[in-house]
Structure formats: C-alpha cells, structure tokens
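Dear colleague,

I am handing over the structure below, and after it I set out what was found. Please read the notes with the model open beside them.

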Amino acid sequence: METFKGTKIVNGIAIGKIKLYKAPVYEISEELVSDMKAELDRYNAARAKVQEDQSALCEKEKAAGHEETAGIFDAHAAMLDDDDVIDEACKEILSEGHTAEYAVSKGCEAAEQMFLNMEDEYFRARSADVVDLKNSMLDVLFGADTSSLQGTEPAILVAEDLAPSETVKLDKSLLLGLVTRLGSSNSHTAILARSMNWPTLIQCHDIADDWDGKFAILDGYNSCIYIEPDQKIIDELSAKQAEDKRKEAELQKLKGQPSVTKDGRKVKLYANIGGPKDVKAVIENDAEGVGLFRSEFVYLNSKTDPTEEEQFKAYKQVLEGLAPRMVIIRTCDIGADKTIDYMNLEKEENPALGFRAVRICLTRTDFFKRQLRALLRASAFGNLGIMFPMIISKWEVVKCKEILNECKKELESEGVAVGKYEIGIMIETPAAALCADELAEEVDFFSLGTNDLTQYTCAIDRQSASLEPFANTHHPAVLRLIRETIEAGHRHNTWVGICGELGADPTLTEDFLKWGVDELSVNPKSILPLRGNVRNVDLSNYKTESPKAEEKHEPVQAPKQKGFFGRLFS
Amino acid sequence: MKEFTYVITDPVGIHARPAGLLVKEAKNFKSTATFIKGEKSAKATALMKLMGMGIKQGDEVLVRVEGEDEEACAAALEKFMKENF
C-alpha cells in the first residue's frame, strides 16, 4: 500500500479502480499552406463549433440550476468572439500562410501568457480557460474523439489537470472521484467539483502513469489517496463511506419538510452567511431564511471605505437571490479584533470591551448612514431585517432607529423606493439580556449571539486555551439569560432567535424549543441535521405556561461538574 | 466623440462573465468603444485585452465612443457599467 497527499476540495470517500485521463497532445506544424482561403474556413468552422459547444454547455448547466458554472461557459463563448484574437488569427493565416492549428495555438498562447503575468489570482486562474478553449479548438481541427477518455467502467479519474469543459463533459455515472496534479482551489474545475460534490483531491504531485488500472481509495477527509490499500483501510473506509451515504440520504429526505416538532410546534431554521457567495448554500440546504448576514465582508474585502453603491449591490444580490425568504443583515460589527486600516481605529488595551460595532457607528454617523441607506434601498428587493449588534442600552436602539428614519426620509425625498423591513437587535451582552423587557418595546425581533453572550457573562476569552478547564459552553447563567430573553421578548410580541453556535447544538434543541424560541440560525450545512433534531422532539408532555416566580431562579440545567460554578448555582 | 468615466465598484473588477456580456452589448452598436485606464486601452469588443487591463475595484476608467450611433452607444454602455461593475 502506498499513500499520497494532496489538497482536498470536497470531503468524502471514493473506492475503485483508477483511470488515468490523458488528453491528446498535438504537434503543431509550422509548415505553410497554399490555399489560405480554405484554411481560414477551417479556422472559422472550428471556432463556430467550439462556440456552439460552449453555449450548449452553458444552457445545460443553467437548466441544471448551476448558475456559477453556466457563467464559466458563457464567458468562454464570449472569449471566442474576441475581435482582436480573431483579427490576429486571420492575419496569421491569410498574410503568413500558417495553418489554422498554428493560428489557434499561437493566439491562445499569447492570451494565456497575458493572464499568467497578471497580479490578481482570479485573473491568473483565467489562463486555464484559455487553454481549455485552445484544446477544444484543436480537438475539432484534428478530428479527435475525446469521448472515450474516461473508459467504460466507474473509476477514480486521475489527470494532470482538467479543463472546465472537460470536467463538465465527464460522464457522472462513470466518475467516483477526481485527482489532479495541478489545479487551484480557485479554478473552475474545483468550483465544479464542489457543486457536484465529487470527492476531489488537487495538487497531488506524485501522480504516476503506473497508477492506471490499480485499485485505490480516495479519502477526502484526510486529503490523501491510498494506492492498493490494505484490507484494514478498505474495511474502515468502506464502512465510513456507507455511513456517509446513509446519513446523506436521510438528510436529503428532510429537504422540503417543515421544521416542526412531533406535537406541531414550528420553528424557523435560518442560515448564517458571510456574503453573496453563500446564497447558493442557503438554497441547497433548504434554509427558510437568513438569520445572520455578517455585513463585515463588504468592509474587510475593500481597501477603501466601501461606497453606498457597493454595499447596495451586495445586499440587493442576496435579498433578490433569496426572496421571498427573510434576510436579516447585521450592521457593521468591526472594531475590537476585526480592525481595518482605512478606519484608523486606535489600538486598545481591551478590544473585546472596546470601540466596536454600534459604538463606532453611533460615533461616526456618516459611515453608519452609508450602510443604512444601502440597506433601505435594498429593502425594495426582498424581505429584509436590519439588526444592530453590541447593544447594551435602550438609548442606543432609539438612536439607531432615529438615524435609520433620517436615512429613510432622505431617500424618500430623493424619490428612491424603500420597501418594508423589520428592525432587531443582537442580544449578546448580559446588560442587553437583563434589560430585554425595555429593549423589546423598541424592536420587532431579538437575536441571541451566544458566543459573545457566553464570553461576556463568564468573563472567559473563548480563544484562550489555558481557560479551557473553566469554560462551560452550557453555563447555567448563560442558559438562564437565553431563557429569560425569550420570555421577555414574548411579553412584548418581539420574536426571538438564536444565531450563535449554541443554536446548532443538538443537545440544547429541545430546551430552546421548550423555552419558546422562534428561530434558530446556523451555518447552512447544519440546517438539515438540525431539522432532523427538531422533528424528533416531542413537547406534548411539557407545560407551556411560564414558570412561577420562585421556580424562575432555579438553574435551567444542572451544570456538568459540581465545581465552583456548580455549587454556586445548585 | 462621446466620453464618460466610471469608477469600478465590483470587488473582482472587470471579470469574465459580466465582461462577456459587455462585449455583447458593445457589438449591438456600430460605434467603436474604447476602455482607457492610464496608458492601457482596449476596445470594448476585445474581451481578452479588456480583462488583461487588470481593472480593479476603485479604478477609474475612461470610455471613449466614436461612430455614427455614439450617443446611444455611450448611454447604453454607461448604464451597463453601472448595473454590472
């Protein structure tokens, strides 16, 4: 048995024989032709054929709902229509008398070099698209049949590299997994592999010709491939693969199912996202909305302060892409550990307790207003919730709403459409949780940020390894604050969600539902497993009336250990 | 001759997919549109060269349109830029 490392693109396990995928290598002749007109016709015919193919691939991907990969082929078709490149090729053939093959190869090599020399990684990766088009055109000109490259039985495909149009043309029923020597995680092939969920390894530098036909196991979890694996590995990974398949099938069954307990209590399962690129994951995992869209990415991805227009585009894209689902966008939460050069924030002794989030926004109102205007403009394109982070006092909420209304009036006087939206706040400080009754009067919803709430309640830095013995993610103080926040919200018709890590904790789902939580927002991949948990909960034996005053101060859950905290609360 | 300037707001700059659409848009007109940034320039119908200019977020580009339908072409391209870049 031999083991080789690579970089995984997709988790998962593939077991089977290896098929070495070798694209033909063409020799380009430098001989000159006499019938230049005929040669130009060959060139144009090849270009038209490849363009037609690329457009067909684009339509095929569109029909399959793969917008991102459809875009690749749409761009390819446009690249083939490049006037400059065509003019150059015509010159090579008509003035110099070169062959169509020569013209294709020379034109594409120049473009490939141009992209390779570019600074930006995105553009460098476009050189692979040029090579793809070159090879496709040469395939046509040489009359090569590329359909048999995959063999006839299901296999793990091993290749030097795969061009997008090669990848998309692969017969999926014959493909167990994919291993390439080259490729980057930004390449279109990686994008395709992710969207198809193929176990995939790239940058596996040890690929050898003699792998062809050998039995192998691709282990995406450990980023490696075993060639002729031992029986022990075979047994272990076969079991893991079967378990994956069983779990996946179960999760898929939950798509389209309501998130409802056995006794009929519904809860909204929303997703946490970081930007427009996550829209697809929200839909694929059947999330019912977005409970936390961290707007920081617009600030962190930009070298300069992002304009209203830039922000508007990003928000609109998400709202439109997910309509009619609700999308809750949290206003800027930078500061503390997330510093940005152009903000010129002072270095702080104690950043977690420092100048961050709404504290910056209420100090630098011009900066805040740019974001609020962008959000209000985007509200016309979907179902928006605007959420303010790091609140401790009621006046902050009142002030945020005041500025929001100011922006709304401005936009309306400018004749810009503003849609409907809900207003909410994060409950992530003990102060906010304890004042939840007063805060609830001001807003439509609360969202409990359990990570910060835990850190601030227990005075424990989550990043610190030496504090681990003292940390308890289910600390009764935190759970009590969560429960009381939910109750306070409901007293004022304010709905309450949880968007921190605890929201996805399966051991707490039942408690949260008992306490009446209205929404749980988790990362997209956790949506379906969480729905499975919710559907297994039965609250019919649980009394729904709120606990009596004396019961209310009982611990909501016995602490795990009877240490200091345990004694304190039991 | 018509000219307008535009500051790119798209985080990736002039990237493949919308650039492809831009080429299609430009081909609807008889006029020649040229994108200019510093010393570099490319015709709006030359996708590779256009992408090769490495136009990034925050860059200001000058678009020059010359031809019989330059008025309409410039207006259409300006609108397209605002919507896509």
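I begin with Y421(A), which lies in strand β13 of chain A; helices (H or I, at least four residues) and strands (E, at least two) are DSSP runs, numbered from the N terminus. Before going further, please note that this is a predicted model, in which local features need pLDDT of at least 70 and side-chain atom pairs count only at pLDDT 80 or more, while totals for chains, interfaces and linings use all residues. Residues are numbered from 1 along each chain as its sequence is written, and chains are lettered from A, and ligands numbered from 1, in the order in which they are written.

Y421(A) counts as buried because it has 23 C-beta neighbours inside 10 Å; a residue is buried if 20 or more other C-beta atoms lie within 10 Å of its own, exposed if 12 or fewer, and partly exposed in between, with C-beta atoms placed from the backbone. Leaving aside neighbours within four places in sequence, Y421(A) is in contact with S379(A), L384(A), G385(A) and I386(A), where contact means that the C-beta atoms of two residues, placed from the backbone, lie within 7 Å. The C-alpha atoms of Y421(A) and V327(A) are separated by 9.7 Å, although the two residues are 94 apart along the chain.

The strand that holds Y421(A), β13 of chain A, belongs to a barrel that eight strands of chain A close in the order β9-β10-β11-β12-β13-β14-β15-β16, with parallel pairing; two strands pair if DSSP finds at least two bridges between them.

Just after α15(A), G415(A) takes a positive phi of about 80 degrees.

Chain A also holds an open sheet of eight strands, in the order β1-β8-β7-β3-β4-β5-β6-β2, with mixed pairing. Its edge strands, each pairing on one side only, are β1 (2-5) and β2 (7-10) of chain A, and the twist averages 30 degrees from one strand to the next. In this sheet, β5 (residues 175-180) and β6 (residues 200-202) of chain A run parallel and are joined by two bridges, and L178(A) stands opposite T200(A) in β6(A). Helix α9 of chain A, residues 231-253, lies across β3 (13-21), β7 (215-219) and β8 (224-227) of chain A, and runs at about 105 degrees to β3(A).

As to the chains themselves, chain A has 23 helices and 16 strands, and 42% of its 570 residues count as buried. Chain B has three helices and four strands, which follow the pattern β-α-β-β-α-β-α along the sequence, and buried residues make up 41% of its 85 residues.

Finally, the contact between the chains takes 19 residues from chain B and 25 residues from chain A. On the side of chain B that touches chain A, α1 (16-27) and α2 (47-52) of chain B each supply at least two residues.

Key: Axes fitted to C-alpha atoms, helices over the stretch in contact; angles between N-to-C directions.
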